[in-house]
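Visitor: I would like to learn how to read a protein model feature by feature. Where do we start?

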Amino acid sequence: ARQIGPLSLSEDEVATLQRMVDEFSTFARLPNAKPGLASLNAVVESTLKLYDERLDGVRLEANLAPHLSEVLIDTEQMKRVLVNLIDNAAEAMAEQPGERSIVVETRERSEMEAVELSVTDTGPGISAEDRERIFDPYFSTRKRGTGLGLAIVSRIIAEHQGRIRVSDNHPRGARLTIDLPIAKETE
């Protein structure tokens, strides 16, 4: 057996490797959803409180629909979805000059028997080619990205019988929209 000299990594490389290990662990061990009847607005409000004074130079606002129907969700997993989407949006705008904002919205989609949650940013947007792959494990457009954040989001939404889609925000940026089924009343 040959000995290989000590591996020398920069602090950034060590941090990236640690993030990859942490995210892979989370992806591999993601617990099954334990859904309960909940208000999506309450989940959004409690998640946004985590960002008080944390997003330097980025305006984060909520536009929540009043009287939103309840959904059957695992609130902790839905918070993780929202944190991943907000963190991705903030990182996408990190080097960008000018207005940087993230808007989290909810609205009722009664024609679809769904509640919609969207996260919109004023970043560089997502190219048409990348849209096909952004939810694939290990696909990332960022140098420091692990490619697991949106794979985790996609998996959680699928477990909630929801769907997620990507579109452009005009005049610039991206919008990620999640549809979750409205909880059916049981008799």
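Guide: Start with a loop. Pro 171 sits in the loop between β6 and β7. Keep in mind that this is a predicted model.

Visitor: Which residue does a cis peptide bond join to Pro 171?

Guide: The general idea comes first. Most residues other than glycine have a negative phi, and most peptide bonds are trans. Now the case here. His 170 and Pro 171 are linked by a cis peptide bond, with omega at about 10 degrees.

Visitor: And phi? What value does His 67 take?

Guide: His 67 is not a glycine, yet its phi is positive, at about 55 degrees. Its place is the loop between β2 and β3. His 67 counts as exposed because its relative accessibility is 77%, and the cut-off for exposed is over 50%.

Visitor: Where does Glu 113 lie?

Guide: Glu 113 is in the loop between β4 and β5. Its phi is positive too, at about 50 degrees, although Glu 113 is not a glycine. With a relative accessible area of 46%, Glu 113 is partly exposed.

Visitor: Are β2 and β4 parallel or antiparallel?

Guide: β2 and β4 pair in the parallel sense, over five bridges.

Visitor: How many bridges do β4 and β5 share?

Guide: Eight bridges, in the antiparallel sense. The two strands form a hairpin with four residues between them, and Glu 113 is in the turn. Ile 102 stands opposite Asp 121 in β5. Thr 106 faces Leu 117 in β5.

Visitor: What is Ile 102 in contact with, beyond its neighbours within four places in sequence?

Guide: The contacts of Ile 102 include Leu 55, Val 58, Leu 60, Ile 86, Ala 89, Ala 90, Met 93 and Val 119. Arg 59, Glu 61, Thr 120 and Asp 121 are among them as well.

Visitor: Is Thr 177 buried or exposed?

Guide: Thr 177 counts as buried because its relative accessible area is 5%, and the cut-off for buried is under 20%. Its strand is β7 (residues 174-181). Leaving out residues up to four places away in sequence, Thr 177 touches Glu 116, Leu 117, Ser 118, Arg 163, Ile 164 and Arg 165.

Visitor: Last, helix packing. At what angle do α3 and α5 cross?

Guide: Take distance, angle and hand, then list the residues. The axes of α3 and α5 come within 9 Å and cross at roughly 145 degrees. The crossing is left-handed.

Visitor: Which residues in α3 meet α5?

Guide: On the α3 side they are Gln 77, Met 78, Arg 80, Val 81, Asn 84, Leu 85 and Asn 88. They meet Gly 149, Leu 150, Ile 152, Val 153, Ile 156, Ile 157 and Glu 159 in α5. By class, this contact has eight nonpolar, four polar and two charged residues. Several α5 residues are buried, including Leu 150, Ala 151, Ile 152 and Val 153.

Note on methods:
Residues numbered from 1 in each chain as written. Predicted model: local features only at pLDDT ≥ 70, side-chain atom pairs only at ≥ 80, totals over all residues. Heavy atoms only, no water. Buried < 20%, exposed > 50% of the residue type's maximum accessible area, 1.4 Å probe, protein only. Contact = heavy atoms within 4.5 Å. Axes fitted to C-alpha atoms, helices over the stretch in contact; angles between N-to-C directions. Left-handed = near helix turned anticlockwise from the far one by under 90°. Nonpolar A, V, L, I, M, F, W, Y, C, P; charged D, E, K, R; others polar. Pairing = 2+ DSSP bridges.
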